[in-house]
Every structure is written in structure tokens, then in C-alpha cells.
Amino acid sequence: MNRPLLCLVSLLMCVLSVSAFAQANTPKPASSGCLSCHEGIEQITQAPAMIALIKALGQQHGDAEGCVMCHGGNPKITDDKAAAHKGTPDSLKAVKGPQMFYPDPGNLWINQYTCSQSTCHAGYSERLEKALMNTEAGKLQGNLWSWGYQQDHKVVWGNYDLSDHDGSVPSVGTEAYKDYMSKFIAKHPDQFPTELKQVPEVNVDDIPQNPNHAALTYSRQQCQRCHVGVTGREKRGDYRGSGCSACHIPYSNDGFYEGNDPSIDKTQAGHVLVHRIQGTRKNKVTVGEVEYSGIPTETCNSCHNRGKRIGVSYQGIMEFPYGSPYDAQGNKQPKLHTKNYLFIKDDLHHQQQSRDGNPTGGMLCQDCHTSLEMHGDGNIPGTTLAQVEIECEDCHGTPQQFPWELPLGRGEEFKQVLEDKPRGLASKLPSYMVFATQYPPEDGYLLTARGNPYGNVVKRGDEVIMHSASGLDFVVPVLKQINDSDTWRNLDAKVAMTQVAGHMDNMECYACHADWVPQCYGCHIDVDYSSGKVDVDWITNANARGEDGLTPDAAYGTDGLTSAGKVSETRSYLRWEEPILGINGEGRVTPMMPGCQLVVTVRDKDGNTVVHNKIWDTPEGLGLDMAAVQPHTAGRKARSCESCHTNPKTLGYGIEDGRFLSRLSEDVYVDLDTATGQIIPSKTQVQMPAIPELEWDLSQVVTRDGKQLVTMGSHWPLTGPLSQEQREKMERTGLCMGCHKEMTNDQLWSKLNSPKVLNDAEHIARMNELLRKAAEPASDAQ
């Protein structure tokens, strides 16, 4: 929103708020306007200025409640539902578009007439249309890469045909941010396209010649439902609106309405939880006896439960096939997002704890992730890394520097030397943040790595205070404070962060502080085009919207339109502990997780198996992607030194140095057999079919002589395994034998050994004693 318009809106809100707010709280007759049917429905917001503006504008069009400002319709018609939901007062027809009644005003395709109209959140609709939450360009590029359909890092495909030809300067953000992003985009044009093409539908007749084109079916049916251009899938945990409503209108996991509108069926799944906007601290939402503010994590997880699974991981849960334990009636757990889950451990920022009277957990996703990351900045980002502007150091700093002393770009250097200039603080917020809860700047707002202020994070002396949309306030641990006061909670942390420079300069914080990473090894996919098989196609739905903006999947009881082919998928095995380390797009050491590790079987329309357990090649190895990830599983205690330095899996060599799962490339029979392995019965069957190209464990990405076996990320040139030099420098596997090999030398060992079995602390003390003794001659010589 430009500043003159912002001033106009602010003035309008001030002038109208007193009279309109009084009118808003004046009881209306039960038969008045929309309330003649919807009496008892929740007021859309409790924010005084916002509801005052809505009602004041509505009054100008004959609707004292303001319903028409969002929904359109004609409040003067109270005896004919169809007519009331079709017509619109003449005064509104110029601004409400062709349909003039919108069941979901937040819907992306009509919200330029509703949420994003000039007197409200102007510009948001256009920015959101280009943002990743709508285009899913990065997901498509990564998926098609692993299928061998795309052969480079250039982002081409999206959910829609889309263009952005107004230049690379973001339409919103500070001048520092705009300058930073313009330079960033110039260096990475492949990751910031100026246009996207809608991912095509497969030509079924081409499948025998091009079986990897089944990637299009897989993407359109299985991957693309999680964008804001469509509504949620009708499954537990997946109910949501579209556009703005996808995040800002609450839906419960079971999808039932719990408000007081008598016209809404409380037994039909798929409805809003209550008719209320959720978003900022000032927008309170009441459901029964519970009042909350902010956007609950589970709202985000209606989408963020697949792919890198960061939402459910943040909550501490990981999908598992078993569904245990049983409930009292002997039932397995209810499916959530079509899966069963096991609780592992939730992220430190999510855990609802306190220390010394201060909360240390209970943070919402929006407390870290910024408005521009959600709504976009007017450009088309091609990957998550292109759109995310935050780093851990933005709030926590480093042991040597406070956050405001760091240069812009710290944490995402992309192997570039940063300008040695402190980023500083902001004293005021840019205009696009005007709708957020306004917190006093105190000593200044902290800045993101790209130069925008965190409107909810401020400097207070040497402290950092984070104001959560939930209503909680957090004192953020600042590393320089800890280091200067020497109040480290354990020596390991002090050594790792202050004495080994490479840790802070070359590694992501979560390379050590991620407690676990969901690891679904092997994505076994069967795509069957025979016998007219079909399934829901989310791209077909998204591009078949009506004048009211609704897509065919929005109708209750259906997920909408279909396309040819039916996809089934399963896994090889699951792990969560001790993830592999590799290099991410920023050039830093990071945890890795299995991405699209595709093992594919395809049958054509005549039922012929075209490929069986096929792995496609990519320019960087087999399409068994191991992807860089910020797992969102942070813990206060970092992973142990040994879990990296003495663990072949961490280095990329596979679990236990890749010595398991050695027969994946051959058919495995299990039956009566002779001592030499010959199967005795003539009637037998393959127990485990071969995956011909797979001659190693799926957890291995590189050989000890440096050969990369699989693709590791598809978006950025710097991604890959740890370098040969890094692996050799890190590895200390077998270090114990440096001493214990002498156990066979009785004479030597008797001089060192103690008859008592040493515990860990005593063992460490003994090693330290020997180290100090070894240094004594050198000291004496000085």
C-alpha cells in the first residue's frame, strides 16, 4: 500500500471508528439483513478499528453489519436465499466484480474485490499469486528433476501460467531489502523466474515411449494440493479455505463448525471452526471457553505435513505405519493427514515450557516467519530459499557479535564475502506492516538477514525480546551475552562455538541443534493408467474456477475433478536419528533428508508394465534425492561430537558404513533352500523384487573415494555432499583404538590401566591427564 493511500485509510478509520463502533454494538432486530438467517454468527473480527471500518463501509451500501464488504450479496433480500446470494446493491457492483457474491471472501481468485480491495489489504492479492504458497514452483522443479523430466536448475513450471515483468525490485520491503534482493536475483536468475508455465497434463498415449512423463501425473495428483489456489483435501487435518482463508480462517482437524450460526450444519465436516479471522495478537478468537490469538501451528500443518514435513516435525511427530497404541476400545489412532504418527520430540521453540518465570517455548510459526515470506514481495521465487529471509543469527547473534552487529546476508553467504558493515536496527516499520500488531520499538527492531525489520522482535539494552502473536513474550538467548558472561550451560557448547571457528562460519546452527530429522528412505511409486483409472487432479481443479472464485474441489463431499492415472506409493524404511550432513544452497553444512527418492513402476493404458522399479538419472547422479533441510526440530542440547565425527552415516557413507541392505539390486527369494542357496520348491515367488540400479543402501550418498552416488538437491549449484576434504578432516571413526590397541601389550597397559572400570567422566579425566602430561616437556623447554 502506498503512503497516501495508507494515510487515507488511517484517516477513514479514525473518523468512522467512534460512530461505527457504537453502531456495531447496537443490537439489531433479528430480521435485519443477513442476520435474518445468520443471527448468532460470530463477528468476523474483534479488532475494534477493523470491524469499525468494515461496518462503516457496509452502512454506505445499506448493510449495517458490513457483510457485503466481504461476501457481496444483497442484505435487503431476506426471504429468498438464492436471490440474496446473487444480487448486490448497485453501489457495490463497481467494486465487487462480476459474480458479486463470494462464499469464501478470502479465495485467491476474487480477493482483489474483498480482502485486497483498496480500503483494506491492497496489493496482497497480486503478491500472493506470485508467492510460493500459490505457485509451488520449487516443489515442481525438484520433483520433475528426480524423474529425469527436467535437466537443469532453471525454474520453469508452476501451478499456473504466470508472468512478472515489472523488474526484479520487490514491490514492498525496506530500501535495504530491495537493494539486497535486486543483487541477489541478478546472481541467481534461474531461481527467480520472470514467468512460469502451468505444469502440463500427461499425454497417456506417450507413456510407453516416455514413462518418466508419469511425473506429471504424480505431481498433479499427489503433490500440488497444498497451494492456496485450492481448498484442502477432505481428509482429517486437511480441511482449509483457499487464498487468505487458508491461513486466516480457523478449521479444526475434524472440520466441524462450533459457532452459533443456525444455518451451518454442525454435523457436516468441511466447515470453518468459527466465523472469525485469526492472525495477530490483537485479533482474539473465541471458541467455546477457549480464547486465543495468532495462527495455530496446526493451521500451517494442513499443508506442511508432506515434503520436508517441517510443520509436523516442529510439533514433534513423524509418520509411522503402525497406528499404535490402541485406545480403550481396541482402535488404532485416527488417521491425521491420512497418516499415523509417532511422537519423537517437539522443537524447543514449540515446547510449552518456562524457565525462571520466562516462557521458553510455545512459539507460533508466524513468530519467526515474516509477512513477506508468507504473502510474497511481488517477485516470483522459485524455491523456498529464494523466499525465506530469516536466519537463526538474526535473533541469537554469534558468540562474538550481537544480532545488530552482524552484516546483512550473515547465514546465507552463498560463498560470497560479505560487506563488513553492521546491519543495525530499525526505528520504524515499513507501510506493508501497518496491519500487524504494533509493538514499541524500544531500542530498535531487529532486522532479518535481508534487511527488513522484525515487527515483533526488539532490542532492550543487550537483551532481545520477541513478542509472540499468541500473547506471550520471550527473552531470547543471545550468544554474545552468554559468552561475555561465561554462562555456558555446558563446556561442549563453549568449545564448539568459540574455539572451532569453522562451526560458526561454515555450518547452519541446526546442523548441530536439530535433534532429529524425518527420514523416509525410498519413495516407491506405482502409476497405473489401465482400465480408465483416475484420481483427483489439483491443477485441473485450480484452473477450473467459477466466477465466485471457488474451484470444483470446494464442494462438500468431493475433492473435485480428476485426470488419467492412479498413483500408489510406499516406503523402504523410516529413520529419525542422526541425519546425514551435506552442503545446502547457501554453501553451509546442513542436515539432509531423503527427498524424492523415486523407485517407479508405470503401467500404460493397456495394462502393460512399461518400467518396473526404475530409478531415473539426473545430471548429478541417480534420482534418489537427498535434500538439504531446516528440520524445525531444534533442541537446546546439540547433537554430540561423536554423532558427527565418528559416524559414517553422518558423513554420507551410509548406516554403519553402508554394510547393510546389500541385495537391493537382485530378486530375493525366501523359501525352503539348500545349504548352497538353491530354492527347493518349483512353485515359489519373489519375496522382494529387485531394484536393478540400486547397489547400495539408500542412506549412502557418496563413496569413500569421493564418487557422488545420488542427486543432492535440485535447486542450487552449491548443494551436494560434504567435500572429500571436509569428510577426511571430520572423520575420527575408530579413534578409541589409538589407545586401546595397546591393550595387547601387557607390560605397557599395566602401567596405564586401573583395576577399576572407569565411567565416562573418569575416562575423560584420565585422557585429559595424559594430554597434559604429554604437553609438559614442551612447557619445560620454554
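Close-up 1. Cys-34 is partly exposed, with a relative accessible area of 24%, where buried means under 20% relative accessible area, exposed over 50% and partly exposed in between (1.4 Å probe, protein chains only). The model is a predicted one, in which local features need pLDDT of at least 70 and side-chain atom pairs count only at pLDDT 80 or more, while totals for chains, interfaces and linings use all residues. Residues are numbered from 1 along each chain as its sequence is written, and side-chain values use heavy atoms, with hydrogens and water left out. A disulfide is taken to be a pair of cysteine sulfur atoms within 2.5 Å, and by this rule the count is zero. Cys-34 accordingly belongs to no disulfide, the nearest cysteine sulfur being that of Cys-67, 3.8 Å away.

**Close-up 2. Cys-392 and Cys-509.** The closest cysteine sulfur to that of Cys-392 lies in Cys-509, at 4.2 Å, which is too far for a bond. Cys-392 also counts as partly exposed, its relative accessibility being 28%.

**Close-up 3. The sheet of E1, E3 and E2.** Three strands (DSSP runs of E, at least two residues, numbered from the N terminus) form an open sheet of mixed pairing in the order E1-E3-E2. Strand E1 (157-158) and strand E2 (162-163) stand at the edges with a single partner strand each, so one side of each is left without a neighbour in the sheet. Two strands are said to pair if DSSP finds at least two bridges between them. E1 and E3 run parallel and are joined by two bridges, with Trp-157 standing opposite Lys-197 in E3. Strand E3 (residues 195-198) pairs with E2 in the antiparallel sense, again over two bridges, and here Ser-163 stands opposite Glu-195 in E3.

Close-up 4. The largest cavity has a volume of about 70 Å³, and a search of the whole structure finds two cavities of 30 Å³ or more. A cavity is a set of points, on a 1 Å grid over the protein atoms alone, where a 1.4 Å probe fits but cannot get out, and lining residues have an atom within 4 Å of a point. Grid points are joined across faces, edges and corners, and a volume is the space filled by probe spheres set on the points. Among the residues lining the largest cavity are Tyr-177, Met-181, Phe-192, Leu-372, Asp-377 and Arg-450. At least two lining residues come from each of helix H9 (175-187) and helix H16 (384-387), helices being DSSP runs of H or I with at least four residues. The lining comprises six nonpolar, three polar and two charged residues, where Ala, Val, Leu, Ile, Met, Phe, Trp, Tyr, Cys and Pro count as nonpolar, Asp, Glu, Lys and Arg as charged, and the others, Gly among them, as polar.

Methods: 1 Å grid on protein atoms, 1.4 Å probe; cavity = no way out; pocket = protein on both sides within 12 Å on 5 of 7 lines; lining within 4 Å.
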